[in-house]
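Visitor: Please pick one part of this model and walk me through it closely. I would like to follow how its pieces sit together.

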Amino acid sequence: METKEYNKFFKLKILAITCLIAGAMAVLLCVYQSCVVYVCDFSSMTADAFGIRRFGEFFLFFESLLLFVVIVRKERLFKYRYLIAMLCFITCVAMELTGSSIGCFAGEAEQNLLLGVSRQLRSDEWAILTPMTWTQYLDPNGTFSYYNSVVRAEPTDVFLEYGLPIYSPLMMFKPFLLGYLFLPIAKGMAFFWCGRLIALAMISFEFGRYITNDNRLLAFVYSVMVVFSPTVQWWFAINGFVEMLFFFQLSLLCLDRYLKTDNSLRRWMYAVIIGMCAGGYALTMYPAWMIPIAYVLLGCIIWVFYNNHVQGTIKTMAKSDLISIAFVLCMLIFSFAHVYSNSHETIATIANTVYPGHRLEFGGVSSVKDLFSFIPSIFYAVGGGSAGVNGNVCECAYFICLFPAGYLMFFYRLLKKKRDSLCTIMVIISILLMIYSVLGLQDKLATISLLKYSKSNRTLVAWSFANVILLIRLISLISEERAKTETGKSLGIPTIAKSISFVIMCGLAVLGIWEAYQLNVAIYSYNKYMIIVEAIIFIPLYALLSDSSRRGNTFWAICMISACLISTALANPVRMGVDDIKNNSSVQMIRQVVDTDPQAIWIVEGDGFAVTNLPLLAGARTINCTNIYPDLERWRKIDPKGEYDNCYNRYGDIQVIRKNDNSEKQKFVLNSTLSYTVYLSDKEMKSLGVNYILSSNDLKGNNMRLISTNGSFNVYYLK
């Protein structure tokens, strides 16, 4: 074919592929949107919604993308991956893209939503973390302070307990919060959300390359399995889980390179990065995940040392290495000493709370069926966030690890005398974590192992992560062996053995689907159609593990990536900007009062969580916003004998209800582990220092003066 004809054919081919991809994506997105936004009500889909408008958008996007890939080529894409990632990051920050569900404060009239739906379920993000982060911009006593005066209307340690941005060298341990310090709030949020997503994707890809001996396809699949895992997406902004995984993988990569190089400057750099990872991991301050994941981390550290020892790549240490290690240790010691000097009272208070300070568990709460909870996770983002799960989807969110396929593959290889140190370590650690979660440990063992500070379902998260590492490692090893076998012109795996393997893997898939069904059979939304969908997705995923050929790996990769994206692609919404809050009339009303009296103390009366955190978005110093740790001194003013200490000595969402007199009826009522109600008279509110009250009730009385009204909310001044 002549060059001109070939070029014309090539352009037509690219155009045809773009049209097909754009059309398919438009239809799939509209169907998925209907599942997520309209709770599986497909009658709401119009002709335009079904993809005509979306087709044009996707056509332009995929045409540009395909032309870019054709021009740059695969090797160049890999070579310039960090530059491409940085350009994506800058674009996302400039566009102010986030996954926040803060539109829940706006109700149904959201302005900034591009895709998905705001998740009421993620209230610890949109109703707690995000409003508290806003207060760091609005604190009348100084922006980005270690002690925030808006939260609880009392100097509150917001660095240790909730990890908010502050002006301090300690921010080197919290790099994804740096954007808040020099960017406006919308772009700071985009820096936080997009930076963590892109950084985790890139470092997971590099770690995937490391454990697969540079199998880039499997490394990419591993990255998707981590970033778009149900655990990561449903807990994306909270409890530092993304940071744990990022520091986990980055520290191991740096440790490997530290051992392999004898360049003193590089060793210094790697040592400092490892130190920052260690500090960042420790300061996530969520032991329920930190401790079980630390077991997986410890296993990987042992493997890195062992692997380098076997390969003979550990370089001899020099005097400069001792100096760099000493420097890093001093950096960590001084940093933790600084944190302790600022937060020792916070630590003591939290440690002595009824909850979470005295929350201990010895495992054994989960069941064998919970080990298959990753299967119905493909429905977690649809049906209003409740489909396919008997309980809170966040609490049932694990990594899609295809248990127990990894174990079966490992023990089969062990019988064939094919051993791998990383696989062995991951199996041992994951079995230990599984024993704790399902069977439990004795008090002494749980104490010695520190697992008593975790919970069964949190430990299963670390267990499933270890199983992902195990699975990806095994697939890469089997693929390498298959490639060597084919190169040696061997007959390879007998057809009978393949058939048996195929049947066993299909059986494991059916077992998993059945166990997941048994776990969730009690909920009305779990039906036969969902089981069919699970079979369509997971039977090929398990079955393709029996085919170690290059084509088999490619098909498996496509199936796994699809399962992960279906599972969590719209677990969080895609939002541009924060106009939902800036233009919120209630927030504007409160802000007008705050501007005239910034030091005043507020209380929200009548309404419960999350309205109690609404004033934070306007910088109002609010007593009964979510108390991340208790203000015992304040409550002692109305409970001097500590009669109700069991109610308020905890992390708490606080509802205040006004009573008409000073009668001695019960002042505090414990509603749940994280919630209590306080009954206060006007005199008691005044004794707490309250100046303004936000309420949807009509608060009549000589002590109240109506300041302003907006919709259902009124602002009163307490005389």
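Guide: Let's begin with Ile333, which belongs to helix 13 (residues 319-351); helices here are DSSP runs of H or I with at least four residues, strands are E runs of at least two, and both are numbered from the N terminus. This is a predicted model, where local features need pLDDT of at least 70 and side-chain atom pairs pLDDT 80 or more, while totals for chains, interfaces and linings use all residues. Residues are numbered from 1 along each chain as its sequence is written, and side-chain values use heavy atoms, without hydrogens and water.

Ile333 is exposed, because its relative accessibility is 57% (exposed is over 50%, buried under 20%, partly exposed in between, with a 1.4 Å probe and protein chains only). Together with Met317, Leu322, Ile325 and Leu329, Ile333 makes a nonpolar surface patch of about 490 Å². Such a patch joins nonpolar side chains within 5 Å, from residues with over 30% relative accessible area and no salt bridge (Lys or Arg side-chain nitrogen within 4 Å of an Asp or Glu carboxyl oxygen).

For contrast, turn to strand 10 (residues 675-680): 5 of its 6 residues are buried, so the rest of the structure largely encloses this strand. Strand 10 runs parallel to strand 8 (residues 653-658), with 6 bridges between them (pairing takes at least two DSSP bridges); here Gln655 faces Thr677 of strand 10. Strand 9 (residues 668-672) is antiparallel to strand 10, joined by 4 bridges, and Phe668 stands across from Val678 of strand 10.

How values were computed: Patch = residues over 30% accessible without salt bridge, like charges linked within 9 Å, V, L, I, M, F, W, Y side chains within 5 Å. Areas by Shrake-Rupley, 256 points an atom, 1.4 Å probe, with all protein chains shown as cover.
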